[in-house]
Amino acid sequence: MHRLESLPFTSHYASLGADFGARLDPDGYEDARLVAFNPDVARLIGLDPNQAERSEMALFCGGAWLPTSSQPFAQVYAGHQFGGWSWRLGDGRGLLLGELTGSDGRGYDLHLKGAGLTPWSRMGDGRAVLRSTLREFIGGEALAALGIPSTRSLAFAVSSQPVQRESVEPGAMLLRLARTHIRFGSFEYFTHNQMPEQRDRLLSHVLERHFPETVGLSLAEGAAHFFRHAVASTAQMIAGWQSVGFVHGVMNTDNMSILGESFDFGPYAFLDAYDPEACPNHSDPQGRYRFSNQPAVGFWNLKCLAAALLPTLAKDDAIAALEDYATLYQVAWETRFAARLGFRRPSELSTSLAQAWLSLLTQNRADFHFCFRRLSLSSSAPDPELQDQIADSVALESWWQDWRQALSASGDDDETLNSRLDAVNPLYLPRSWILQEAIDAASSGDFRPVRDLLHRSQNPYAEIPGAAVYSRPPAPSQACSELSCSS
Ligand code: AMP
Ligand code: MG
């Protein structure tokens, strides 16, 4: 296990050179205070979790102290934002600190978000605020615990330095871990700026670092392999989102990881009442990134990535991979929902039961997670709390009969079945009101609620004493409908 100063960063991406970004040191917060630290991520990157106790850890997270092996680098990229082309985005407030090899043998990037001005800051201040930093920190942990690939975080720190948004807010920095910080928009940048040679160098870099199985293949074959992986991992990631009621909020192509990890989820939300049209980002009045549209946007974004990889990626290979998207998505969706209803494997029957169940939840504006969790209490009749959520008792009873009858074919006793249901239907999710509660406390210097929320988000399935209130639907006064895109 490493001490902080001996973290062995490599700089493969930075060594691609000046066409790919800029070497730059963070503008650190000398008064940084650690709000939350994540021992799981520390262990994943081989860092001794006890290092959290050292003053250097807060300074590291605040960008005011760095291990000597880190060569911070702002990455250039472009992207389609809300469907429109932005030719030059880049890290306006983030720095890639370097790459590390995880204890799982895979490559990871560590990135500092909120680290100050860069050549790509445009009109921005290079900063991130406590509110959005806390939300990203917790959201990544929750997704990962639900089995959905996501960026995660080692820690985040807050400063007393004020940052102006709609109002003045505390500045913060996030130490973010991702398999990669290369986005769909990274490839788009080089292609649409007539830099095909650099685009192919980026592709070779990705293949070398993340697809060792392509050694010996031509670049065209490698491109086809990579793109097929991007299609499959994106389809599976989005099916994961749909199965846990996660709305990303800003699915621009610069916020899409080429390795299919949930990435840069800005004003995200986990649904309370099941509403397919939910769109938490108040900067998205047309609802482009609403919950029900996420699978289609994923496909649209993949077409942008394909276009950016042509002609190194052969057109036929691009089309063949894209044609698999709908099936890959559907299979992943059916598998996840079958499990949530207690079936060992998906079937036509489990899929039609899942669709009927979601219609029931929609029509009754019932709480998505609460209703799934109450299924394990519904062996002999629908649980009374389920009946409170779903006012249409006739429809509920009829669905319940069909569901129980289908499940009886498995031959499992109720106890086996109920523990299987409880193992996939979470009690604790960072609902918007719960995040707001932790933000309010942290803003006034009380970090305890964030740490408790981190614990619940990382352990969503088993009951935690004293935490019952966080497993229930929000009271009407707690419901949050829209979130600011500013961060
Ligand atoms: P995001 O919406 O966070 O995914 O960011 C979109 C683009 O805006 C990226 O190029 C960011 O680096 C940049 N950006 C966002 N916020 C700021 C900020 N406060 N200062 C500088 N650049 C920013
Ligand atoms: Mg972004």
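I will walk through the two ligand sites of this predicted model. Residues are numbered from 1 along each chain as its sequence is written, with chains lettered from A and ligands numbered from 1 in the order of writing. Local features need pLDDT of at least 70 and side-chain atom pairs count only at pLDDT 80 or more, while totals for chains, interfaces and linings use all residues, and side-chain values use heavy atoms, without hydrogens or water.

Let me start with ligand 1, which is surrounded by 15 residues, each with a heavy atom within 4 Å of it; among the closest are Gly90, Gly92, Arg122 and Asp125. By class, this shell holds seven charged residues, six polar ones and two nonpolar ones, where Asp, Glu, Lys and Arg count as charged and Gly is among the polar.

Turning to polar contacts (pairs of N or O atoms within 3.5 Å), a backbone N or O atom of Gly90 lies 2.6 Å from an oxygen atom of ligand 1, and for a backbone N or O atom of Gly92 the distance to a ligand oxygen is 2.7 Å. From the side chain of Arg93, an N or O atom is 3.0 Å from an oxygen atom of the ligand. Of the 480 Å² of accessible area that ligand 1 has on its own, the protein covers 81%, by the Shrake-Rupley method with a 1.4 Å probe.

What coordinates the magnesium ion, ligand 2? Asn255, through OD1, and Asp264, through OD, do so at 2.0 to 2.2 Å, donors being N, O and S atoms within 2.8 Å of the metal (3.2 Å for Na, K and Ca), and the site may look incomplete because water is not among the atoms. Both Asn255 and Asp264 are buried, meaning under 20% relative accessible area with a 1.4 Å probe, protein chains only.

Methods. Polar contact = N/O pair within 3.5 Å; in protein donor to acceptor, adjacent residues only side chain to side chain. Buried < 20%, exposed > 50% of the residue type's maximum accessible area, 1.4 Å probe, protein only.
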